[in-house]
Amino acid sequence: MPHSTTSSITVHRLARPAGSAIDFGAELRGADLENVTDADFDVIRTALYENNVILFKYQQSLSPRAQYELTRLFDPTATGYGHGKTLDAKRSILHPDLKTIPHQPQVQVIGNGPVASFEGLENITLKHPHHKTFHKEVISAEDDRENTRFYRWHIDAALYDLEPPKVTSLMAVKVPKTEFQTLRYDDGSNDKISVSRGSTAFVSSFKMFDLLSDEDKEFARTTKVQYAPHPYIWMSPARSRSDGLGLVSDNLELDFSSLPPIEEEKIKVLPMCWKNPVTGQLALQIHPSAVQKLIRADGTVIDDLKEVREIVHRMQRPGIAPELVLGIDWEEGDMAIFNNHGVLHTVTGSFLPEEVRIFRQCNMAASEPPLSPDA
Ligand SMILES: [Fe+2]
């Protein structure tokens, strides 16, 4: 990395829509992302951990290589894609959504519609995830063009064997601009927000922690979360709550005997709170649909799946209230990097088969586990 003591990058908080209470998100201006100096990266890394989602605009010409190199700077000894080879498993619910760039395998292409040629991928058809393939109850076909849901709130992480990536970068290459949609929670609350079609929604897991009662904060600080082995295969027959925040407990998860071989030491047990390495704040950071058990400080294990999900949903739901959601209105050339240890995010929206949208996503399995609250 070129040496320089000063950086020309400036940090600007994102404009908040009326009524919004979000306290995260910033735009960084003046960056040359093909030639990041060490002084630039100091600014970028601090901005990332202070704002949790950072956005660079006008990056249309940024190469997949430069996207990978920038993403890797946050964890220089990480090398492999965040899901490793686990996406090869045809039964994984993530399998249809991601296509790998042949010359830069840490970068995935996601989006919608037919694409004749892109970065060495020829004649591919991308499919934007639609909630009807994942939610138990769905929006009717007649309401589907105007209305949408949070598809699946998540952390980008394999949650088996590999450590959760520290950051993810997401670049909008092609964005069809159409009318906004109404995003409905459909959970009895009447909550809804307006989102641009295909908006990526983010919430702060630090805010989610701050909203807990003192008793729940203590529980969150001291409890560990055990994730199911091969979680995206395990959960494949199960269906989501309408708010996208975890699964309905109908006993549809696959039996462990029908999963690929399970190696006990690869099962992930992670703290319920992950610490921000720059601000020291605690994030309530749980992947709500992959969770299997909770392990309390005294060693007690809560292993009733329905009870585990109820506890996690009760703790997380206040943090996705409408005024706390940042929905990015993507424009071509936007590149976002987010603190994958400090936010939850989800796809939203639905597209017609012929509406072409292309995004590049990059993350790498981390070189170390997330920071625990007492780190
Ligand atoms: Fe994601």
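# Reading a predicted fold together

User: Hi! What share of the contacts in the protein with a separation of 6 or more comes from residues 24 or more positions apart?

Analyst: Residues 24 or more positions apart account for 77% of those contacts. Please keep in mind that you are looking at a predicted model.

User: How many helices and strands are there?

Analyst: The protein has six helices and 21 strands. Its radius of gyration is 20 Å, close to the 21 Å from the globule rule for 375 residues, so the protein is as compact as a globular protein of that length.

User: Next topic, the interior. How is burial decided, and what percentage of the residues count as buried?

Analyst: The idea is to count neighbours: a residue is buried if 20 or more other C-beta atoms lie within 10 Å of its own, and exposed if 12 or fewer do. Here, 47% of the 375 residues count as buried.

User: Which residues of the largest nonpolar core touch the most other members?

Analyst: The general idea is that nonpolar side chains tend to be buried together in soluble globular proteins. In this model the largest nonpolar core holds 96 residues, and those touching the most other members are Val53, Ile54, Phe209, Met235, Cys273, Leu284 and Ala336.

User: Let's turn to sheets. In what order do β18, β11 and β20 lie?

Analyst: The order is β18-β11-β20, an open sheet with antiparallel pairing. β18 (326-328) and β20 (343-347) each have a single partner strand, so one side of each has no neighbour in the sheet. From one strand to the next, the twist averages 25°.

User: How many bridges hold β11 and β20 together?

Analyst: Five bridges, with β11 (residues 200-204) and β20 running antiparallel. To find the pairing in the picture, look for Phe202, which stands opposite His345 in β20.

User: What does a sheet with mixed pairing look like here, and which strands form it?

Analyst: Look at the open sheet with the order β7-β9-β10, made of three strands. β7 (147-148) and β10 are its edges: each has a single partner strand, so one side of each is left without a neighbour in the sheet. β7 and β9 run parallel and are joined by two bridges. Asn147 has Thr182 in β9 as its bridge partner.

User: And β8: is this strand mostly covered or mostly open?

Analyst: Mostly covered: β8 (residues 167-174) has eight residues, and seven of them are buried. β8 is joined to β19 (residues 335-339) by five bridges in an antiparallel arrangement, with Thr168 opposite Phe338. β8 also pairs with β21 in the antiparallel sense, over six bridges. There, Ser169 has Cys362 as its bridge partner.

User: Now loops. Is Thr348 buried or exposed?

Analyst: Thr348 lies in the loop between β20 and β21 (357-363). It has 25 C-beta neighbours inside 10 Å, so Thr348 counts as buried. Among its contacts beyond four places in sequence are Thr148, Phe150, Leu183, Val195 and Gly327. Thr348 and Ser194 are 154 residues apart in sequence, and their C-alpha atoms are 11 Å apart in space.

User: How does Leu94 work as a second case, and how far is its C-alpha atom from that of Ser189?

Analyst: Leu94 is in the loop between α2 (64-73) and β4 (99-101). With 20 C-beta neighbours inside 10 Å, Leu94 counts as buried. Leu94 and Ser189 are 95 residues apart along the chain, and 29 Å separates their C-alpha atoms.

User: Where do Asn190 and His230 sit, and is each buried or exposed?

Analyst: Asn190 is in the loop between β9 (181-184) and β10 (192-195). Its 8 C-beta neighbours inside 10 Å mean that Asn190 counts as exposed. His230 lies in the loop between β12 (224-227) and α5 (231-234). With 26 C-beta neighbours inside 10 Å, His230 counts as buried.

Notes: Residues are numbered from 1 along each chain as its sequence is written. This is a predicted model: local features need pLDDT of at least 70, side-chain atom pairs count only at pLDDT 80 or more; totals for chains, interfaces and linings use all residues. Helices (H or I, at least four residues) and strands (E, at least two) are DSSP runs, numbered from the N terminus. The radius of gyration is taken over C-alpha atoms; the globule rule is 2.2 Å times the number of residues to the power 0.38. Two residues are in contact if their C-beta atoms, placed from the backbone, lie within 7 Å. A nonpolar core is a set of buried Ala, Val, Leu, Ile, Met, Phe, Trp, Tyr and Cys residues joined through C-beta atoms within 7 Å. Two strands pair if DSSP finds at least two bridges between them. Axes are lines fitted to C-alpha atoms, for helices over the stretch in contact, and angles run from 0 to 180 degrees between N-to-C directions.
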